[in-house]
Amino acid sequence: MPSNGKETYDYIVVGAGAAGCAVANRLSEDPAVKVLLLEAGGPDSSPLIHMPAGFTKLTGEKVNWGFNTVPQKHVNQREMHYPQGRTLGGSTSINAMIYIRGHRLDYDEWRDLGNEGWGYDDVLPYFKKSENNERFVDEYHGQGGPLNVADQTQHNLLTKAFVRSAQEVGIPYNPDHNGAQQDGVGYYQVTQRNVRRESAATAFLHAYKDRENLVVITKAWASKVLVEKGRAVGVEYLSGGHSKETVYASAEVVLSGGAVNSPKLLLLSGIGPADEIKAHGINVVHDLPGVGKNFQDHMDVYIAAECSQPVSYNGHDRWDRAVRHGIQYLLYKTGPVTACVAEAGCFIRSSDEVRSPDIQIHCLPAYVVDHGRLRIKGHGITINTCHLRPKSIGSVTLRSANPTDPPNIDPNFLDDPYDLKISTAAFRWGRKILAASSFKPFIKEEKYPGPQAQTDEEIAEYIRKWSKNDYHPVGSCKMGQDEMAVVDTQLRVHGMDGLRVIDASIMPKLISGNTQAPSIMIGEKGAAIMKAGKVV
């Protein structure tokens, strides 16, 4: 064990995102255990983080890694914008706050792939453990947990029209996509408390800041896991992105940097495919071929239409209106500042043959084109359509041995032709909803792609030109027993001692929905496993 005056903790957790905050909180519940949590970003002090609608402005490098993918060979060689949170709370501090767990069969599939203890009945208690749901009191939801889940304060007229229109085209109303079944249309619940964002940091860190045994260091850019005789013993990090610091763990090091940064750190530490590591002049510590492989993400295809009435959220960020809305929010907790933008959605099936919904559609009552970076005059609505279970598999690899260089991120979108087929079906469903009668008073004309795109090939051309990622990267340190698995069912790195990965990268397959809630669940279950010493 490292000692001799070296700065030593029982556990070091790298990454204060969805899973890392939960892990650090639960491990530090034992006052005899000393926990260090390292976060590459700064504190979550920006007011924009905590006001629900503020996330639309959180695009700068202070809170966002601002990654790009490598050129995507099946989507016109585009380098796609790939935002990820870099602040306390990680991406839970900059996302749209949607609380969706996925389908129960997603987790049963994980179990059936050889991951005993990770079926739906096994993980449900950990969803409930973290949750304090303001509406539901039933077998699917928890009360009293640190993470508050609430209904939204208001819904835009376009959102209400979407929910009615979906029902008009045969999609049943569902009050709870996280309950007995996922199919249907409804209003999303969100991670908010008192009409403020509830991030992993506000839920699991800030309320427990007085714990003397929990130390949180921000602007600590992890650059290497220290390994001695096959055991992880500490972490090197760049303080403020510059000066090198070293801390040690007497028990374990936990990587919770997410599906991009956890494999990157393993590779920088010499843990991963030997040939890739050697190519960057890094000493091979442990040849583990699956690190950075099995990378998966959802891909969005949006339909944008011009509104015939000024009912969208467009233009409300103009300075004079923003001031008025800010005052309204501060005084009454009402108005456009309370919006999460993606206020409602639906889960549907591309055919009767699929085992559960494989399409998710979001309603955004505003023009949100190219991640909101393309400004369009006037009022509009955006219908985001998403294929939930893509077959395309990508990777995360090193660009160089420099820890401050971004990695090569390759979701490999549309590599499998099946994904284009289902994306096209999802797009047609979005158009069908938009054409229903409840939308007629509000819609003037379709702007993207426009009514001229009708055939499958025309729609495919549009998809290749305008599709985007859905901010749900997983799988790059997958859990399993095969030769490409990185961690076992206790989330221990295969062939290593004292090292675990606990975040979305351990998912063997992408779940059917947003990944915030499952990532927090992984943190809860991972911490419980560590405390119990076995799968629980």
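Ring pairs join Tyr107, Trp110, Trp118 and Phe127 into a cluster, where rings of Phe, Tyr and Trp (its six-membered ring) pair if their centres lie within 6.5 Å, and planes under 30 degrees apart count as stacked, over 60 as edge-to-face and the rest as tilted. This is a predicted model, in which local features need pLDDT of at least 70 and side-chain atom pairs count only at pLDDT 80 or more, while totals for chains, interfaces and linings use all residues. Residues are numbered from 1 along each chain as its sequence is written, and side-chain values use heavy atoms, with hydrogens and water left out.

The structure holds eight aromatic pairs. Among them, Trp65 and Phe67 have ring centres 5.5 Å apart and planes at 10°, so this pair is stacked, and both residues are buried, a term that means under 20% relative accessible area, with exposed being over 50% and partly exposed in between (1.4 Å probe, protein chains only).

Lys391 lies over the face of Tyr418, at 4.2 Å from the ring centre.

Turning to the cysteines, the structure holds zero disulfides, a disulfide being a pair of cysteine sulfur atoms within 2.5 Å. The closest cysteine sulfur to that of Cys307 belongs to Cys363 and is 9.4 Å away, which is too far for a bond. For Cys340 the closest cysteine sulfur is again in Cys363, at 10 Å, also too far for a bond. Cys307 is buried at 7% relative accessibility, and Cys340 is buried at 1%.

Asp297, His298, Met299 and Phe413 are among the residues that line the largest cavity, a cavity being a set of points on a 1 Å grid over the protein atoms alone where a 1.4 Å probe fits but cannot get out, with lining residues having an atom within 4 Å of a point. The residues lining the second largest cavity include Tyr99, Asp176, His177 and Gln189.

Terms used:
Lys NZ or Arg CZ within 6 Å of the ring centre and 35° of its normal. 1 Å grid on protein atoms, 1.4 Å probe; cavity = no way out; pocket = protein on both sides within 12 Å on 5 of 7 lines; lining within 4 Å.
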